[in-house]
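Please look at the sequence and the model before reading on.

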Amino acid sequence: DGFRLALGAMGQNEALQAERQMRSNLEAQLRSLDSRLTYSATQQQRQALELQMMTRCYAESEVEMEERLRVEVQRQQDMAKEGHQRALDYLRGQCEQKVREARQAEAAARAEAEKERFHAAACREDAARLDNGLGPW
């Protein structure tokens with residue numbers, strides 16, 4: 001009986017030793033998994049921060065590009081406006097020159113017409129005098 005008890009105690013001791021070994025292995029695996037989980041969580045957090053930073057950089061550059069585009073559009077509009085203004089000024093000058101020339105031509109034509117009326121009146125007077133002088137004949 002004592003032998004059986006000793007064998008049973010030894011078997012129990014070996015079973016306890018095996019359980020301790022198994023528990024130790026499980027704890028080691030648990031620590032390993034915890035370490036990997038911590039590493040993965042840290043990596044995920046770092047990647048999330050990098051993504052957030054990249055998103056912010058992208059948004060900032062997009063805003064900056066939009067502002068540059070607005071400035072460029074305004075610059076081109078100003079250039080076009082200046083070009084249109086120069087063209088309008090040129091055309092206005094040309095029109096004003098044509099109006100001056102037309103007024104000068106009109107003044108010259110009026111003066112010529114006045115001379116012709118004066119000569120026509122003089123011719124009528126001469127014709128009337130000649131008519132009166134030839135009347136008795």
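Is glutamate 106 buried, partly exposed or exposed? With a relative accessibility of 39%, glutamate 106 counts as partly exposed. Here buried means under 20% relative accessible area, exposed means over 50%, and partly exposed lies in between (1.4 Å probe, protein chains only).

## Basis of the report

This is a predicted model, in which local features need pLDDT of at least 70 and side-chain atom pairs count only at pLDDT 80 or more, while totals for chains, interfaces and linings use all residues. Residues are numbered from 1 along each chain as its sequence is written, and side-chain values use heavy atoms, with hydrogens and water left out.

## Overall form

Helices (H or I, at least four residues) and strands (E, at least two) are DSSP runs, numbered from the N terminus.

Along its principal axes, the C-alpha trace spans about 195 × 20 × 10 Å. Of the 137 residues in the chain, 0% are buried.

## Salt bridges along the helix

Side chains of opposite charge can pair when their charged atoms come close. The structure holds 11 salt bridges, each defined as a side-chain nitrogen of Lys or Arg within 4 Å of a carboxyl oxygen of Asp or Glu.

One of them joins glutamate 106 to arginine 110, with the closest N and O atoms 2.7 Å apart. These two residues are four residues apart in helix α1, so about one helical turn separates them. Arginine 110 is exposed, at a relative accessible area of 57%.

## Two further pairs and a network

Arginine 56 and glutamate 60 form another salt bridge, their closest N and O atoms lying 3.0 Å apart. Both are in helix α1 (residues 2–134), four residues apart, about one turn of the helix. Arginine 56 is exposed, with a relative accessible area of 57%, whereas glutamate 60 is partly exposed at 41%.

Aspartate 126 and arginine 129 also meet in a salt bridge (2.7 Å, N to O). They are three residues apart in helix α1, about one helical turn. Aspartate 126 is partly exposed at 36% relative accessibility, and arginine 129 is exposed at 54%. Elsewhere, salt bridges that share partners link Glu66, Glu67 and Arg70 into one network.
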